[in-house]
Amino acid sequence: MKPMKRSALRWVMLSQNAMTLGSGIVFPFYLIQIKEIGGGFAEYGIAYGLFTICSAFLNGWFGRSSDRFGRTPLLLIGSWGMAGLFLLFPLATSIAQVYALQIAMGAFGAMQRTCEKALLADLTDGEPGRGEKIGRYQTGIALFSGIAVIAGGFLIDYFTLDLMFYAGSALLLASGLLLLRVDERGEEGQAG
Amino acid sequence: MKGRRGRLRLALAACAVYALLLSLSLHARSAQPRGEQATDVGRVVSARVDRTVTVRSADDARRAVLEAAAEGRKVSIAGTRHSMGGQTFYEGAVVLDLKRYDRILAVDEQARTVTAQAGATWADIQEAVNPLGLSVRVMQSQNLFTIGGSLSANIHGRDPSEGPLIAAVRSIRMLLADGSIVTASREERPELFRAAIGGFGVLGVILEATLELTADEVYESRTSLLSYREFPQRFEQAARSPDTGLLIARLSTAPEHFLERMYMTEFRRTGLPLASADRELKQDRAVELTRFVFGLQRKHDWGKSLSWSLQERLFRSEQGGLVTRNNAMRPESDFLDYRDAQHSDLLQEYFVPLSRYEAFVDGLRALLREEPLNVVNITVRYMPQNGESALSYTASEDRAALVLLINEKRSAARLERLERLTQRMIGLAQSLGGTYYLTYQPYATLEQFRRSYPGWTELAAAKRRYDPGSLFWNDWYGKYGSEEGGGRR
């Protein structure tokens, strides 16, 4: 049981690292995207705020849903949904479209954030050294988010913003694929 | 989702759906018009250009120009984009960004000239010539602008003995529409020289320029407080005095003496050796404080009053201070470095004969009382007569140049009002024998433009000769310069 959980945790970490990397490489360039469309700092603030506020309203609901349907299915929907949305960003031509995308992103983001935490709690529940495990997990996430932002900064010089969104999208797809491994070991482990 | 096979199927299905969505997205993306949004520091006008090409060599520029010609695209030219009238872009155009083409090629100490690439800024030139005891003859009050952009706008400065920039130009090297690179000066292709300087980039790419320098000197600054009525006479006296090196005045925008009180600062020649003042080029001091006070001035009437009284103190403390010409020509700070999402700092400039200065200020005050506009500050410079450029703004006589800094919300309604007001202010200047500057918002009517700039036909003739295919183009030229006039965006 223990090795299974540990292995599940590793897959969650890998998956969420890919997730962090995928969303992180485009994150610094939202502002450029918004400026390209003709917005400014205020629109950037609104777009980012919409994302956060929308997820704020949905976190509780998704948390309950994950109690009912399981964490990984929701995490899967979250990452694949975001992968799909990233494919739409290069097509956005107005601020309103970006706002709509950000609201949808907020929904998938809420799924991901809440379920990630819940799953992390499940997988470390009753385990010795829980804090240490979560600390190690968080180290990975923090590391990848740093790498993502740095990589994004370098890559934007060579590629267009659109390509960055496509690359981010592919990483989000990969994040979901990695989650499929969790389902196998983690939840069975839990069931056992 | 149970079982290894089930998960494999799910993974494959996800990948297949994703591949479909990705190809749909790429397909839709490729069907969208290409391009990027281009604007300037004023952000009032903008256009979707095809692409921006960073120019690092003359070859880069030539390649980009020939490629654009082959694609049937127009070419616009940009430096630091401080021209606010659509001079740096055009719908679907290829924009050449000259900022990285910025080397100082030669400084001739004996002949007192500097040759620089178009993307070099006045700051670059100042750094190169300051150690030699030399100084720029004509430049704006800030040193962040490129030489190419300054030439294209035929800018002017604070030295009352100097005309616009064209007066200090020996020669320019230009890339023309056919890919050739030619020299233009008063002797060689004088019609190109006259039309390209002040021609806002519609005849070709100014690649290099050789500019005349002058000696760096030690000035003593003297500021006096005076009323706008006594100003013209005092101003002219100061401008004509051989002791005056630089001259600048300010009109109050504080509500209690709106467009009535003035400061005039004279930088007088002292004849002292350079060593008696600090020769090191100064960096801006107290930038954050200046910016803060400027912010208050922008937003509140009391801020304008506060700034006016702070300036009084500042001038008193600096009274009689020694400063080198190079340091006096450094910027206070880049006040236009202002990125508010909804508002823009917009400049406008009017040139009026000194004899009509009082009437112009009275007219302006009446107009601004009728339709209040957030005029943050107004500076006044002395412009000696000069008709060298085809689009000269002081062709007939010496003029006072009033620069208005306006803070305005970029909403459609506000800009429409600004356009109407601008046309009235231009009308006021014209009724007093004056004119306006072309570098700012493209709000003048075509009739106003043609009345103030009869030399536009000369520019159009040079355009037919040097760019018959109209390869070099921008929003401003589309509105005013082309002979059809105003027909196109």
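A nonpolar core, as used in these legends, is a set of buried Ala, Val, Leu, Ile, Met, Phe, Trp, Tyr and Cys residues joined through C-beta atoms within 7 Å. The views below show a predicted model.

**View 1. The largest nonpolar core, with 127 residues.** Leu96(B) and Ala196(B) have the most contacts inside this core. Strand β18 of chain B, residues 399–409, gives the most to the core, contributing seven residues. At least three core residues come from each of two domains of chain B: domain 1 (104–193 + 202–215) and domain 2 (218–441). In soluble globular proteins, nonpolar side chains tend to be buried together.

**View 2. Surroundings of Ala196(B).** Leaving aside residues up to four places away in sequence, Ala196(B) touches Ile172(B), Met174(B), Ala184(B), Leu203(B), Gly204(B) and Ile206(B). Another core, of 52 residues, lies apart from the core of View 1. Its members include Val12(A), Ala110(A), Leu120(A) and Tyr166(A).

View 3. Strand β6 of chain B (residues 104–108) pairs with β7(B) in the antiparallel sense, over four bridges. In this pairing Val107(B) stands opposite Val114(B) of β7(B). The two strands, β6(B) and β7(B), form a hairpin with four residues between them. Arg112(B), in the turn, has a positive phi of about 55°. Strand β11 of chain B (residues 205–215) also runs antiparallel to β7(B) and is joined to it by five bridges. Thr210(B) in β11(B) is the bridge partner of Thr115(B).

**View 4. The contact between chain B and chain A.** Chain B supplies 18 residues and chain A supplies 21 residues. On the chain B side, the elements giving two or more residues are α1 (4–31) and β1 (36–39). The largest share of that side, eleven residues, comes from α1(B). By class, the side of chain B that touches chain A has nine nonpolar, four polar and five charged residues.

**View 5. Confidence in chain B and in the complex.** Chain B has a mean pLDDT of 92, and 96% of its residues reach 70 or more. Over residues 485–489 of chain B the pLDDT is below 50. Beyond near neighbours in sequence, this stretch has nine contacts in the model. For the complex, the predictor gives an ipTM of 0.84 and a pTM of 0.78.

Notes: Residues are numbered from 1 along each chain as its sequence is written. Chains are lettered from A and ligands numbered from 1 in the order in which they are written. This is a predicted model: local features need pLDDT of at least 70, side-chain atom pairs count only at pLDDT 80 or more; totals for chains, interfaces and linings use all residues. A residue is buried if 20 or more other C-beta atoms lie within 10 Å of its own, exposed if 12 or fewer, and partly exposed in between; C-beta atoms are placed from the backbone. Domain bounds come from an automatic or database domain assignment. Two residues are in contact if their C-beta atoms, placed from the backbone, lie within 7 Å. pLDDT is the predictor's confidence in each residue, from 0 to 100. Two strands pair if DSSP finds at least two bridges between them. Ala, Val, Leu, Ile, Met, Phe, Trp, Tyr, Cys and Pro count as nonpolar, Asp, Glu, Lys and Arg as charged, and the others, Gly among them, as polar.
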